[in-house]
Amino acid sequence: MKLHEYQAKQIFSQYGIAIPRGRVASTASEAKSVAQELGGRVVVKSQVLVGGRGKAGGIRLANTPSEAEEVATQILAMQVKGLPVRKVLVDEAATIVEEIYLGVTNDRGARSPVMIASSEGGIEIEEVARIMPERLFRITIEPLLGLREYQARYLAASIELRRELWREFVGIAQGLYTAYTESDATLAEINPLVITGDGRLIALDAKMVVDDNALFRHAELAEMRDFDEEAPPEREARKYGLSYVKLDGDIGCMVNGAGLAMATMDVIKLFGGEPANFLDIGGGAGADKVAAALGIILSDSNVQAVLFNIFGGITRCDEVARGILMALKEVSTDVPMVVRLTGTNEAEGQRILAEADMLTAGSLSEAAQTAVSLANERHSV
Amino acid sequence: MSILVDKKTRLLVQGITGREGFFHATQMMEYGTQIVAGVTPGKGGEWVLDGKIPVFDTVVGAAETTGANCSVIFVPARFAADAILEAADGGIPLIVCITEGVPVQDMMQARSYITQHGSRLIGPNCPGVLTPGASKVGIIPGNIAIPGSIGVVSRSGTLTYEVLYALQRKELGVSTCVGIGGDPINGTSFLDVLAMFEDDPHTDQVVLIGEIGGTDEERAAEFIADHMTKPVAAFVAGMTAPADKRMGHAGAIVEGGSGLAADKIAALKSAGVRVAEHPDLIPEVVA
């Protein structure tokens with residue numbers, strides 16, 4: 001789960017990291033009164049969960065409260081990469097002398113946290129890694145020991161930070177690492193961490209991604225989820241314990257297992273079709289779950305055909321077949337469907353589907369080919 | 001004949017009285033796996049599975065009494081890291097964690113601890129290990145694989161079954177199938193399992209099933225090029241997956257341009273691996 005900048009900043013400040021004074025606002029007049037409280041120049045920043053806000057015009061300076069109101073009006077009316085802006089953060093503008101980068105994330109290869117620092121802040125770290133990898137420094141953190149002071153000092157020295165700022169930098173690095181572990185984050189990033197005109201280090205931007213699997217022990221973070229940022233079908237899927245990702249194609253698919261679901265999408269593409277979604281119904285496939293999944297798939301008006309691909313391992317094919325038929329009673333549709341059922345109790349499952357005149361396929365390839373031609377027929381009508 | 005598990009495996013089931021644990025313990029026993037004990041804190045002293053299997057409160061108690069040398073974990077995600085640590089602390093050399101949804105930070109700590117204790121972890125979020133005809137540790141259906149000489153290693157669950165089933169229909173047998181799990185931080189990598197298959201005299205060739213996310217397949221490709229004498233075939237899922245979206249598995253996400261299926265396939269091909277275009281074609285590309 002991604003957090004908004006203003007939420008991540010609040011968390012970071014609880015760990016002793018200095019942030020600019022400021023507050024979030026949902027209307028332009030609210031933005032104006034925040035600017036009035038702050039006095040002086042402010043920066044108005046769109047709060048959306050995508051990168052590239054600055055380039056899209058979603059971050060702008062304002063010299064006066066009424067200018068802040070004007071800028072906020074414009075930003076609140078815009079979309080950043082398709083996401084409507086619903087909130088802005090109004091922060092006091094800082095005098096920036098230098099911009100650095102500091103972040104901590106999970107290193108899959110090392111199976112440990114890694115802290116990354118660079119003297120090149122203010123641009124995406126992936127970009128730094130690509131164009132000037134020599135300016136990027138990493139330390140692997142032993143998860144049972146945590147970040148040690150010498151490691152943070154190594155980063156400070158590596159990015160050639162002025163010595164009088166080392167102590168402050170080490171404090172920020174330790175605060176960031178503690179925020180990352182205590183929030184069960186998979187990413188905690190300050191970009192840029194700026195050196196101000198009066199020689200202080202301030203987190204001008206903040207990014208945090210929290211591990212969904214750990215939200216059970218972070219009620220306060222779970223409450224920060226911005227439901228507006230999640231598409232309704234994906235929200236609905238989460239409610240039923242389904243994993244759904246909408247795509248741009250026209251062949252809906254319902255599969256048990258994430259790897260098989262991806263493979264099913266790939267095979268559809270291989271036979272000239274375009275998958276409309278990724279959907280993993282997980283283990284077991286009772287009628288209510290299948291019905292919910294089918295409803296979600298069909299809520300996408302692009303869908304011209306649906307492919308079921310179920311490998312009955314522990315899940316039994318006859319149960320799934322009954323689930324599909326019961327789901328079809330609940331969901332009325334004229335979208336054609338093809339079912340591929342294999343594995344445990346396959347024969348019984350096939351019999352149930354045949355009695356109901358469901359179209360079936362013997363293999364994944366055959367099912368994909370059938371789904372592609374069904375969709376094409378619908379298009380040509 | 002196999003790697004990791006065989007007829008000598010003496011299995012302990014952590015979470016044996018839970019719904020999943022009990023169901024799969026029954027399946028494993030029917031398959032012929034030698035289950036010697038179960039652990040459920042608070043239920044020590046009970047007997048399950050027709051009164052054949054004793055339940056213990058602690059792993060250490062179960063291991064001392066029964067000589068268990070492998071543990072399979074079915075406990076809920078919030079208790080999984082604790083169960084892994086307990087197994088390692090109890091001296092269990094091979095720990096297989098089926099549980100899905102374990103917090104990543106728990107896994108980083110657990111992984112570090114068990115490595116220092118000399119145990120090996122398979123998973124989490126995995127279907128387990130199956131040595132056809134000898135031992136099934138986990139949830140891989142026993143009826144979809146026959147004994148043979150193909151080693152299978154995979155990050156997925158049902159996609160692995162699909163491949164096993166495709167091999168079985170062509171009467172191609174399997175030495176051992178290892179599901180390493182779909183999480184970003186796991187106990188055992190492709191590379192570890194490839195090295196074991198390379199050293200196993202009863203494995204002639206390997207099928208690797210990868211997916212988007214991370215760089216485990218690329219590392220596997222390097223290892224195959226440098227160290228493997230046995231032929232390897234592969235399938236990588238997720239060619240059509242969009243960037244920055246988690247595709248079900250916590251580990252299946254393309255981030256910042258890394259973890260792409262196309263890069264993995266290219267790396268594997270350049271290491272001499274025969275890559276199938278779709279899972280049905282795996283039997284055609286094995287040697």
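**View 1. Surroundings of T196(A) in the predicted model.** With 16 C-beta neighbours inside 10 Å, T196(A) counts as partly exposed, in a structure that is a predicted model throughout. T196(A) belongs to strand 11 of chain A, which covers residues 185-196. Leaving aside residues up to four places away in sequence, T196(A) touches A94(A), T95(A), I96(A), V97(A) and I202(A). R53(A) stands 143 residues from T196(A) along the chain, and the C-alpha atoms of the two are separated by 22 Å.

View 2. Most peptide bonds are trans. The bond from N191(A) to P192(A), however, is cis, with omega near 10°, and P192(A) is placed in strand 11 of chain A.

**View 3. Chain A and its domains.** The secondary structure of chain A amounts to 13 helices and 18 strands, and the C-alpha atoms of the chain fill a box of roughly 80 × 50 × 40 Å along the principal axes. The domain assignment divides chain A into domain 1 (21-92), domain 2 (96-222) and domain 3 (230-380), and the C-alpha centres of domain 1 and domain 2 of chain A lie 25 Å apart. Of the 381 residues in chain A, 48% are buried. Among the contacts in chain A with a separation of 6 or more, 68% are between residues 24 or more positions apart.

View 4. Seven strands of chain B form an open sheet with mixed pairing, in the order 3-4-2-1-5-6-7. Strand 3 (47-48) and strand 7 (120-122) of chain B stand at the edges, and because each has a single partner strand, one side of each is left without a neighbour in the sheet. Strand 1 (residues 11-14) and strand 5 (residues 70-73) of chain B pair in the parallel sense over four bridges, with V13(B) opposite V72(B) in strand 5 of chain B. Helix 1 (residues 19-31) of chain B lies across strand 1, strand 2 (35-39) and strand 3 of chain B, and runs at about 175° to strand 2 of chain B. Helix 2 (residues 59-66) of chain B also packs on the sheet, where it touches strand 1, strand 2, strand 4 (53-56) and strand 5 of chain B, and its direction makes about 160° with that of strand 2 of chain B.

**View 5. The contact between chain A and chain B.** Chain B gives 47 residues to the contact and chain A gives 45 residues. On the side of chain B that touches chain A, helix 3 (77-89), helix 4 (104-116) and helix 5 (158-169) of chain B are the elements that give two or more residues, and helix 4 of chain B gives the most, with seven residues. The residues of this side of chain B divide into 22 nonpolar, 17 polar and eight charged.

View 6. Most residues other than glycine have a negative phi. E160(A), in the loop between helix 5 (149-158) and helix 6 (166-182) of chain A, has a positive phi near 60°; with 10 C-beta neighbours inside 10 Å, E160(A) counts as exposed. E171(B), in the loop between helix 5 and strand 11 (174-179) of chain B, has a positive phi of about 60°, and E171(B) is exposed, with 9 other C-beta atoms within 10 Å. A cis peptide bond with omega of about 10° joins G123(B) and P124(B), and P124(B) is placed in the loop between strand 7 and strand 8 (128-131) of chain B.

Note on methods. Residues numbered from 1 in each chain as written. Chains lettered and ligands numbered in written order. Predicted model: local features only at pLDDT ≥ 70, side-chain atom pairs only at ≥ 80, totals over all residues. Contact = placed C-beta atoms within 7 Å. Nonpolar A, V, L, I, M, F, W, Y, C, P; charged D, E, K, R; others polar. Buried ≥ 20, exposed ≤ 12 C-beta atoms within 10 Å, placed from the backbone. Pairing = 2+ DSSP bridges. Axes fitted to C-alpha atoms, helices over the stretch in contact; angles between N-to-C directions. Domains from an automatic or database assignment.
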